[in-house]
Amino acid sequence: MVKKMLVLMSITAVTAAITACGGTSQTTSSSTTPAASTAPVATVEANKPKPEFKALLQYARFDPNTEVVAKFLNEKTGYKVTYDMLPVENPDDKLNLLMANKEKYAYMLLSGPQYSKLAASGALEPIDELVNKYGTNMKNVISQTSWNGAKLNGKIFGIPQTGSGTIVNTQLIVRQDWMDELGLKAPTTRDELYTVLKTLKEKKNVIGMSGGKSPLLPEVLPTFGIPMVQGTATSGWQDVNGKLVNAIENPNMKKYLEFMKKLYTEKLIDQEWSLNQANKVIENFTSGKAAIISNAYFNAPTVQNALLKNSPNAKIGSFPYLKGDDGKVQVMGSAGISFYVGIPKWADNKEDIIKYLDLKLDKDIFKEAAIGKEGVHYKLENGNYFPILPKFNDEYNNASTFLTGVDEKNYPIYWQARVRKDPILTDSFTKIQEAAKGNIVLDPLAFAPPLEAIGKYNLKLQKLMEDTFLKYITGAEPLENYDKFVAQWKADGGEEMTKAANEWYAANKK
C-alpha cells in the first residue's frame, strides 16, 4: 500500500572501502536494459550443490526465518536462504556499517535512497548481463518501465520491485446520519463542500472537518488543478507543456492556501490542524467531535468499529471526488517502485543469486509465495481472490516481506486478497477505487529511478513546505509572503530538483 518515504544516509565509509578494493563506479559504462524473453525458464543444475544465501531485509516485527513462506521458497527453489533485518532505529547507519565491513549478503532489499547511494559508491554489482543471461522470468514479468526506473547512469544495479499496482488510498468520509438528518446532499464541487461544512458546524455544533499535520488535503487540492499527494517520494510534479513543474510553483497553490485559510478562519476545519497526529484525527471523528475526515481504506475497520462503539446508531458515508474549476475530476493515484533488490559487489555466486531470484518469479512459485495454496489459504470466486481465514493471516500475513520483484500483471490481482480479509476494509477499498476510476493521475516521476538531487533535498524542502503552508493556513504568516517562500524553496534545492526531474523526464517520457 502503498507507499514510499525518503531517508537520507551517508555512505562515505562504503565509498572508501570499495575504492580501496578496486570497485567500479556506476558512471564508467553504459548497458542495455534487459529485454523480454521467451526462452525456457532458467533451471538449477540438479546434481550441483546449491550455495546457501544470506539476505538483508527491511525492518519488520517478526522473525522471517520462521515464516511459512521462507520455508516454502527454500523447498521449491532448492536454495537455502536465511534472513537478517535492518533495525527500526537508524537503519541507514546499520546498513552503512554492514557495507563497510563487506558483510556477505547475497542480496539486499533497499529503499530508493539506499539503492542510489550504494550504487554510486560502487557497493552494488551491475546486473544487466546477469539478468540478460539468467533472468528469463524477471524479464517477462517486470515491465520495461520498471527496468528503466532501476537505471542509474545507464546501468542497472538492482531488480525493481513494484507493488499492488495503481490504487487510490483516501476519500472524504462523513457522518451520514447527520447528513440525512439535515437533508444535505453529498458535495460534488469545492463550493458545495464549503456549504456542507458550514451547515454541519452551525447545526450540529461540531468541527466541520478534522485533519492533522499535513497542509495538503488530497481530496481538495486537485480541485485547483494540482493532483498532488503528500508522502510520495517525489510528490508534486506536473507536466506543463512537456516540462515538469513542481506544484510549489503552480499559481493555483496560493489559491488553494487561501481557500484552506478561509475554512480555518471561519472555524469550519479543525483549529488544531497543525498539531493533530493521525490518531487524534480519527478520535475526533469516532467520538462525534468532527463530521468529516480524509480517511485511508486501511483505517476503515478501526474507524467504523470505534464510531459504532461510541454511537451505535451512527452511519458513515463517503463523498465523491470533487470537480475542479474546469469541471473535471482528478484523483492522484499511488504507484511506482517500492524497493530495489541489490547484490553487493563482493557477494559470492552471483550467477546463482540471479538464478534464485529468477526462480522466485516462476509463475507457480511466485503465486504460492504471494498468497499460498488454493483451497487452503485462498479461494477464487469470479476471478477474484479471497483469503481463507484464519489460515491466510496465520501463514501469509507477512508474505510480502519476501518479495524480490513481482509479476506486475498478476500480483495486483493476487494482492487484493489482502483487502478482502475484513468486509469493512473490502467495502472501503472497493468504493474508493470505483469512485476514482477513470480519473486517476500519476506522478510523472512515479517510475523514475532515485534522482540524486531529489534524494538530497526532498525531505528538507517538504518540511519547509509543510511548516510554511500551515503558517499560511492558520494565519501565523501572511500569504503575501508566498513569493518569498518560492524563492527560498528554489535556492535551498528546489531548482536543482527541478533540473534533475526534467533531465530524466526529457529522456524517458513517451
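**Helix 12 against helix 17**

I looked up the handedness of this crossing first. Helix 12 and helix 17 cross in a right-handed way; that label applies if the near helix is turned clockwise from the far one by less than a right angle, and left-handed if anticlockwise. The model is predicted, so I note that local features need pLDDT of at least 70 and side-chain atom pairs pLDDT 80 or more, while totals for chains, interfaces and linings use all residues. Residues are numbered from 1 along each chain as its sequence is written, and side-chain values use heavy atoms, without hydrogens and water.

Axes are lines fitted to C-alpha atoms, for helices over the stretch in contact, and angles run from 0 to 180 degrees between N-to-C directions.

I then listed the contact (heavy atoms within 4.5 Å). Ala 300, Pro 301, Gln 304 and Asn 305 of helix 12 meet Ile 424, Leu 425 and Ser 428 of helix 17. I sorted these residues into four nonpolar, three polar and no charged. Ala, Val, Leu, Ile, Met, Phe, Trp, Tyr, Cys and Pro count as nonpolar, Asp, Glu, Lys and Arg as charged, the others, Gly among them, as polar.

**Helix 11 against helix 12**

Helix 11 (residues 278-286) packs on helix 12 at about 40 degrees, axes 9 Å apart. That makes helix 11 oblique to helix 12. Their crossing is right-handed. I found Ile 282, Phe 285 and Thr 286 of helix 11 touching Val 303, Ala 306, Leu 307 and Asn 310 of helix 12.

**Helix 14**

I checked which residues of helix 14 (residues 363-371) are buried (under 20% relative accessible area; exposed is over 50%, partly exposed in between; 1.4 Å probe, protein chains only). They are Ile 365, Phe 366, Glu 368, Ala 369, Ala 370 and Ile 371. Their cover includes helix 2 (68-77), helix 13 (350-359) and strand 15 (378-381). Gly 372 follows helix 14, with a positive phi near 90 degrees.

How values were computed. Helix = DSSP H or I, 4+ residues; strand = E, 2+ residues; numbered from the N terminus. Parallel < 35°, antiparallel > 145°, perpendicular 65-115°, else oblique.
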